[in-house]
Amino acid sequence: MFAAVFTAVVVSAFWIWFYSIAPEPRAEVARSGSVVAVKPDNAPPVEIAQQVVVGPAGLALPVLGVKATDLIDTYDAARGSGRRHDAIDIMAAEGTPVIAAADGTIEKLFFSRGGGGITIYERATDPSWMYYYAHLSAYAPGLAEGQKVKRGQVIGRVGHTGDANASAPHLHFAINRMAPGERWWDGTAINPYPLLAGKNTSG
């Protein structure tokens, strides 16, 4: 009896030791220009942008290849029917990767025919903040509501869907402060420009 118990303890100890030092399988990585596709085990590939530009608030500039000096403060720009823009437009070529500004969860994928077109609402890890990406030409393959995303992860492509001008593709990027219980369409807009550009607003 003692021998059986002793053997079981020794074998268990061996496997615990083995798994503590055995290397875990590494995700396959495929590079394509400035985007890296990471293929974790038993999960779909995830594209992560290389050389992510991070603003002073810790947010990634959400269009790949755009620098802080390229940004223009369009937050207070007038829109039709007396509306205020409440966002900034980040100009880029059609199809340029759009990346998550911060870690969070995809809360809503929504198509607004007369407004933002193909849009993404991402709630930050701190649920007090919502990031809104609009006028996309497409979502990243496999993007889904409820999906966790990381800062720098490719979530879509720049476009001109909705009411955007086809000759000026861009990302309409907004940040909303969310009160407890507010849904994805709620919130109070704040100006993303100083958070991304590290400069005072133009107003």
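Colleague: What makes Lys 108 and Glu 145 a salt bridge?

Modeller: In this predicted model, their side chains come to 3.9 Å, N to O. The cut-off is within 4 Å for a Lys or Arg nitrogen and an Asp or Glu carboxyl oxygen, so the pair counts as a salt bridge.

Colleague: Which parts of the chain does that pair tie together?

Modeller: Lys 108 sits in strand 6, while Glu 145 is in the loop between strand 8 (129-139) and strand 9 (148-149), so parts 37 residues apart in sequence get tied together.

Colleague: Why is Lys 108 called partly exposed?

Modeller: Its relative accessible area is 23%. Buried would need under 20% and exposed over 50%, so Lys 108 lands in between. Glu 145, with 43%, is partly exposed too.

Colleague: How do you know that Glu 107 and Arg 123 meet in a salt bridge?

Modeller: N to O is 2.6 Å for those side chains, and the rule asks for within 4 Å.

Colleague: Is Arg 123 buried or exposed, and why?

Modeller: Buried, because its 15% relative accessible area is under the 20% cut-off. Glu 107 has 26% relative accessibility, so that one counts as partly exposed.

Colleague: What makes Lys 67 and Asp 70 a salt bridge?

Modeller: Their closest N and O atoms are 3.7 Å apart, and within 4 Å is what's required. Lys 67 is partly exposed at 45%, and so is Asp 70 at 43%.

Colleague: How many salt bridges does the rule give?

Modeller: Four.

Key. Residues numbered from 1 in each chain as written. Predicted model: local features only at pLDDT ≥ 70, side-chain atom pairs only at ≥ 80, totals over all residues. Heavy atoms only, no water. Buried < 20%, exposed > 50% of the residue type's maximum accessible area, 1.4 Å probe, protein only. Helix = DSSP H or I, 4+ residues; strand = E, 2+ residues; numbered from the N terminus.
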